[in-house]
Amino acid sequence: MAQGTVQVTHTGTSRWRRRTGEYASLAAALEAASDGDVLTVAPGTYRENLVLRRAVTLRGPEGSAGSVRIAPPDGVPLTVRASAVVQDLHVEGQDAAAPALLVEEGTPELTGLRIVTRSAAGIEVRGGARPTVRRCTVDNPAGLGIAVLDGGGGVFEDCEVVAAGQSGVAVRGGAHPRLERCRVHHTSGAGLSATGEHSALEAVGCEVYEVRGSGVQVTGRATAHLTDCDVHRTTADGVTLDTDAVLTLADCRIHDIPENAVDLRSRSVLTMTRSTVRQFGRNGLSVWDPGTRVDANQCEIHDSTGDYPAVWVSDGATAVLEACRVHDVPDALFVLDRGSRADVVDSDVWQVRNTAVSVSDGATAQLDDCRIRDAATGAWFRDHGSGGTLANCTVEGAQTGVIVTKGADPRIERCTVGSPAEAGFYVSAGGRGTFEGCRVTGSGGYGFHVIDGCRTTLRKCRTERCARGGYEFADAGAEGSGDGPVVEDCTSDESGAAARPAVRETAVQTAAPAQGLLGAVPARRAAEPAAAAAVPEPEPEPSARTSQEVLGELDALVGLDSVKREVRALTDMIEVGRRRQRAGLKAASVRRHLVFTGSPGTGKTTVARLYGEILASLGVLEKGHLVEVSRVDLVGEHIGSTAIRTQEAFDRARGGVLFIDEAYALSPEDSGRDFGREAIDTLVKLMEDHREAVVVIVAGYTAEMERFLTVNPGVASRFSRTITFGDYVPEELLRIVEQQAEEQEYRLADGTGEALVKYFDALPKGPAFGNGRTARQTFEAMVERHAGRVAQLPEPTTDDLTLLYPEDLPTLS
């Protein structure tokens, strides 16, 4: 299209004086124009470099938008240095070192411009310029879309960057523009970028999408405020903050992001209000470094598409979430490293495939009035120095409510765990923790399960309807040693007082404790020791007893006749093999790994401990100690962590026995993406590579263990034999009660033995029936009822203080 003429309407100082002139070039028209004149440009292509130095109006003909092209061969096509009005022009630039439209001074109004160029920038605003830019589009695949620099500002309304070879909108050098209802897309850099001290970007009702980079990037002490904005379909992070950046998001939506939805580092600060983060490939919020902080209020993070935690806080950063919702994610909140902290208030977390809250490496988490449901683990305090507080929180429908391991020491107050599949609260491997006023209902396993002699404190806790028992304390420590849990004023709805360790605690009571309860509840038998992981402990000593002495203790156990025969046969084969080797003969290869099947409470753990001691006495194992683990100790929450944790457990058992209770839980029937299979595969390889160093015993219900042995082709071949632990008959349960009574200096009165046999025969044998555990709990309940009765006597005799009568038996429900 050829160049046309330019009509200039000149306005005089008097309203009645107006004149019009026509000019052959834009430069001539501009030279002739004065402030207030209107330049109407005829359709055509003008290959001129224009500079507007006066407050004129420069526009194309009405009804022919885009028919006027400003397209010089090089340099800046259009420079504005006055408060001019520019409308309906098509601007083209070809200079990679210069912008297509440069605004340097004044408060011009730019409306309806279309800038199609291959320039350093489509629109550049600098210095003291404060333009108002409306309904303009920028297509610049070679450089920046819009650049606001060196103290520049202005307002951009209903504008669109349709392509940019770098950032869509770049703000730096102390500039501070405002974007309203703008769209930025198909850029090869960040959609919106603000860099440098005193630089500030404000965006309202804007959309950033299809960006080959971060959607919004704020760095180097810059600030930004986004309100009612959408950021989506980027190739990098949705929002990136770095080096003292400050960003406020209000009523924004960030979604369909393949990397982190929001990533903060190096002392950056983010405030989010009523904003939504969804469909992200890595973290929804990723917060790093000391001084970095995010405050989120009434926000929602959900529907992760990857395998990473929704909120990640590490390296000393802080995250505060208030009235937020996190759901449908692999993990909800991970807090790592000393100095890192997360405060979560009045928030909801649900549909979490692995762990809702994980605290590790010395980090701290504080949760108040929060609700967690449908998670594999509600909260996990993992290791030494990790802690914090959970107060007035509920966990519903988790595999395990709260886990404390490896020296972690949180405080859990007035929290309720409902319907956990495995345990309400689980403490192992040197974990500590204080649980006060907590409650567990409807557990498929234990209410409180504390092993490894962990020095946990339980005060005024309560359990109800727990299938395997309200309280389980394994390895409580020796009498008077000060090790093991401290238990004060805890209650349970079980028929007998819950088992408790033999140390200085107040008794765990039943739901209706009798007045005058004796201070010393009988000690339960100690279970097998497991090595703590995080805090170094003395190495287990090899067995000082001979194999015959240990076998004598095995023989003294009530019942288990077939088990004793199996263990003796295995021991005899090992002993004869040793003698044949000493005689220079070949010895048969004996696989020492075992499978124990049977119901809970039938002595599997005790026999495993004795088996390890026997092998140590025969010189087969170096130490013979026993490390007890379950699924929760082996299976991690994300890819790769399971193999590491399984290796750690195996290493702790080196020279002894690794006892995996309820091993079938490693291969659930609806496994899907479950990581339990990774633990099995790792174990199979370790058992083969280190078959002389560790004996592995897997245990569980008979039918479930048969299924477990078929999961991995190499599993069944690694175990030499399966030993079945039959249920105790009533007469054997009576014998356990008699042993307990003898140890605690009680006696059964005439008729009490027969009453106990009838009682055990009548007890329901459902999943909550614990065999030997049931016998011990029955004895403890009898002691409690005996105490309530004898406490009313003014001067009880020795018989009164020692004899247990049939009426001391708990009532069958």
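Buried means under 20% relative accessible area, exposed means over 50%, and partly exposed is in between, with a 1.4 Å probe and protein chains only. Keep that in mind for Glu-92, which counts as buried at 15% relative accessibility.

A word on the source. This is a predicted model, where local features need pLDDT of at least 70, side-chain atom pairs count only at pLDDT 80 or more, and totals for chains, interfaces and linings use all residues. Residues are numbered from 1 along each chain as its sequence is written, and side-chain values use heavy atoms, with hydrogens and water left out.

Salt bridges next. How many does the structure hold? There are 39 salt bridges. The term means a side-chain nitrogen of Lys or Arg within 4 Å of a carboxyl oxygen of Asp or Glu.

Back to Glu-92. Its salt-bridge partner is Arg-69, with the closest N and O atoms 2.7 Å apart. The pair links distant parts of the chain: Glu-92 sits in the loop between β10 (90-91) and β11 (99-103), Arg-69 in strand β7 (residues 68-70), 23 residues apart. Strands here are DSSP runs of E, at least two residues, and helices are runs of H or I, at least four residues, numbered from the N terminus. Arg-69 is partly exposed, at 26% relative accessibility.

Now Asp-251. Asp-251 pairs with Arg-274 in a salt bridge, closest N and O atoms 2.8 Å apart. Asp-251 is in the loop between β30 (246-250) and β31, and Arg-274 is in the loop between β33 (269-273) and β34 (276-280), so the bridge ties together parts 23 residues apart in sequence. Asp-251 is partly exposed at 26%. Arg-274 is partly exposed too, at 40%. Elsewhere, salt bridges with shared partners join Asp-158, Arg-178, Glu-180, Arg-181 and Glu-202 into one network.

On to Thr-405. Buried or exposed? Thr-405 is buried, because its relative accessible area is 5%. Thr-405 belongs to strand β48 (residues 400-405). What does its side chain reach? The backbone oxygen of Arg-382, at 2.8 Å. That is a polar contact: a pair of N or O atoms within 3.5 Å where, within protein, one must be able to donate a hydrogen and the other to accept it, and residues adjacent in sequence count only if both atoms are side-chain atoms. Leaving out residues up to four places away in sequence, Thr-405 touches several residues, including Trp-380, Phe-381 and Gly-431. Contact means heavy atoms within 4.5 Å.

Last, Gly-44. Gly-44 lies in strand β4 (residues 44-46) and is buried at 0% relative accessibility.
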